[in-house]
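This report describes the architecture of a protein assembly.

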Amino acid sequence: MKITAEEIKVFLKNVVTMIEEEKDYLCELDRKLGDGDHGVTMSIGWQAVNEKLEGDLKEEQDCGKISIVTGRTFLSAVGSSVGPLYATGFMRGAKAFQGKSELSGEDLKDFWIAFIEGIKERGKAEVGDKTMIDTLQPALESLQSNFGKSNDFLSAFESVVQAAEKGMESTKDILSKRGRSSRLGERSLGTIDPGAASSFMILKTFLTTIKSAQVA
Amino acid sequence: MKKLINNPTKVVEEMIEGYVKAYPNHVRQLTENERALVTAKETREGKVGVLIGGGSGHEPAFIGYVGDGMADGVAVGNIFASPPPDPILEATKVIDKGEGVIYVYGNYAGDVMNFGMAAELADLESGIRVGSVLVTDDVASAPKEEKEKRRGIAGEFFVTKAAGAAADKGYNLDDVVRVAQKANDYTRTMGVGLTPCSLPQTGKPSFVLAENEMEIGLGHHGEPGIEKGDLQPADQVVDRLVHDILMDMPIDSGEKVAVLVNGLGSTTNMELYIMFRRVEQILSEKGIEIHRSYVGSYSTSLEMGGASVTITKLDEELAAFIDHPADCPMYVQK
């Protein structure tokens, strides 16, 4: 499979749109666990990325640069905890894309592995802490094992999204241990972690984007 | 909830603009980054720089504490969100006078990552030494055995005060860090929430409390506390708050303390004085000497209703720093 720089930009655009649609839902989840602003924070960051997509990145064909600019822009716009986490993800992932205007399945696999490893390193959270890592770690493991078996990125990523969804759902049943919501104790039970939800949505958006790119 | 704003997405920019225009003799905005403010006065060569910062919505914290004897720079985040590394880094470069910079900020996951990244960049890009003290005064936010996980709330005022005074007196970076760390170790805060605040972008209350309810230990961003119950008279609430502080940090008769009774936004000074009255009764009964007291809204959560009590134990060194003069737009001490 081949994914072009334009399609990477379509993916980022699709995330922008998706976050606007899910903004209220993400805030609602966060009101139960934190200060209720996760949707707003994600929106501020992705709107800033959108401005770059329509500006500096409009003609950019280097997928590595697109990823670096996305990470830095998101970070500068939001700060917060998601800023450094996603920025680290996009900047680490950028190495797999460096100098490339067309990406193979191997590149995409390397990107997501570096992306998730970067977030893990920056946030130091583990599975069971009720964070985005509960979504991303199963996704990482699924990608490593499924891509290794088939070398078919699209079908591997289908499994990744399924594993991520299960991971996200699992946050309902765990007590918060990290971030601001860690002081909630049992009151955090029953609610999906907003960071786990938005990271799942981003992976899902990537899947739908590359699927429609294949059809086209 | 009703707010006097123009555009919810522009509140931080417009607030900074107004603040800088209101206090041009105290602060200036950096052209390199509009979320970085520094003292308008030229600081001495060789003085350790003091940098504070955090999310917006806590005014007068943190912007209000840039001035003589306090902080030299501040990085301003979005509402209740840590600033990114850029404004922290830009302010660091300006306030470094060759002796390094201390970062004083509340212990929140986002702040730790962003200030941590900025400290690394300051070292890598500009060779500036940075020391950090994370404020962890909120007793309710984690048990004593895990007190390094506690978040920072109103007590940050005293930690900033100690760092600012030590830097002003010419201490080197290691000593400023030591003093600020000691101030943090000697500081405890307990709060109570009565009514929620709402973020300008969502307009919705950040948590729900019934008309007759209060919540002990409620966080500065609406994070749920440790106990909800019927609203009690001020004396009983203060008894509980001071009791929890003294259980966590015993103070002997004859020791000196600084006290801050802090309003969270919409609680009146009248209520805060009523609360302080009780704090004073309890401490004087125990023979604890109040060396200096502060009553008012020093660190708020937008229009949240409620208050906190902060007690800092003072040894000779800290007492001198608490007495050190300060001249900030939102806080003057002679």
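Which residues does B:Ala162 touch, not counting residues up to four places away in sequence? In this predicted model, the contacts of B:Ala162 are B:Val179, B:Ala180, B:Ala183, B:Leu318 and B:Phe321.

## Nonpolar core

B:Ala162 belongs to the largest nonpolar core, a set of 168 residues. It is among the residues with the most contacts inside this core, together with B:Ile102, B:Val104, B:Ala163 and B:Ala180. B:Ala180 is also one of the residues that B:Ala162 touches. The greatest contribution to the core comes from helix 1 of chain A, which gives 11 residues.

In soluble globular proteins, nonpolar side chains tend to be buried together.

## Chain A

Chain A contains 8 helices and 2 strands. Read from the N terminus, its elements follow the order β-α-α-α-α-β-α-α-α-α. The radius of gyration is 16 Å, close to the 17 Å that the globule rule gives for 216 residues, so chain A is as compact as a globular protein of that length.

The C-alpha atoms of chain A occupy a box of roughly 50 × 40 × 30 Å along the principal axes. Buried residues make up 59% of the 216 in the chain. Of the contacts in chain A between residues at least 6 apart in sequence, 67% link residues at least 24 apart.

## Helices 5 and 6 of chain A

Helix 5 (residues 105–123) and helix 6 (residues 133–150) of chain A have axes that come within 10 Å and cross at roughly 145 degrees. The crossing of helix 5 of chain A with helix 6 of chain A is left-handed.

On the helix 5 side of chain A, the residues that meet helix 6 are A:Lys109, A:Trp112, A:Ile113, A:Ile116, A:Ile119, A:Lys120 and A:Gly123. Their counterparts in helix 6 of chain A are A:Ile133, A:Leu136, A:Ala139, A:Leu140, A:Leu143, A:Gln144 and A:Phe147. By class, the residues of this contact comprise 10 nonpolar, 2 polar and 2 charged.

## Chain B

Chain B has 8 helices and 14 strands. Its radius of gyration of 19 Å is close to the 20 Å that the globule rule gives for 334 residues, and chain B is therefore as compact as a globular protein of that length. The C-alpha atoms fill a box of roughly 55 × 50 × 35 Å, taken along the principal axes. Of the 334 residues of chain B, 55% are buried, and residues 24 or more positions apart account for 71% of the contacts with a separation of 6 or more.

Is B:Glu223 buried or exposed? B:Glu223 lies in the loop between strand 8 (213–216) and strand 9 (227–230) of chain B. This residue counts as buried because 25 other C-beta atoms lie within 10 Å, where the cut-off for burial is 20 or more. The C-alpha atoms of B:Glu223 and B:Phe207 are separated by 8.0 Å, with the two residues 16 apart along the chain.

## Interface between the chains

How many residues of chain A are in contact with chain B? There are 24, and they meet 26 residues of chain B. The elements of chain A that give two or more residues to this side are helix 1 (5–33), helix 2 (38–54), helix 3 (63–78) and helix 4 (82–97). The side of chain A that touches chain B consists of 7 nonpolar, 9 polar and 8 charged residues.

Note on methods. Residues numbered from 1 in each chain as written. Chains lettered and ligands numbered in written order. Predicted model: local features only at pLDDT ≥ 70, side-chain atom pairs only at ≥ 80, totals over all residues. Contact = placed C-beta atoms within 7 Å. Helix = DSSP H or I, 4+ residues; strand = E, 2+ residues; numbered from the N terminus. Nonpolar A, V, L, I, M, F, W, Y, C, P; charged D, E, K, R; others polar. Core = buried A, V, L, I, M, F, W, Y, C linked by C-beta atoms within 7 Å. Buried ≥ 20, exposed ≤ 12 C-beta atoms within 10 Å, placed from the backbone. Axes fitted to C-alpha atoms, helices over the stretch in contact; angles between N-to-C directions. Left-handed = near helix turned anticlockwise from the far one by under 90°. Rg over C-alpha atoms; globule rule 2.2 N^0.38 Å.
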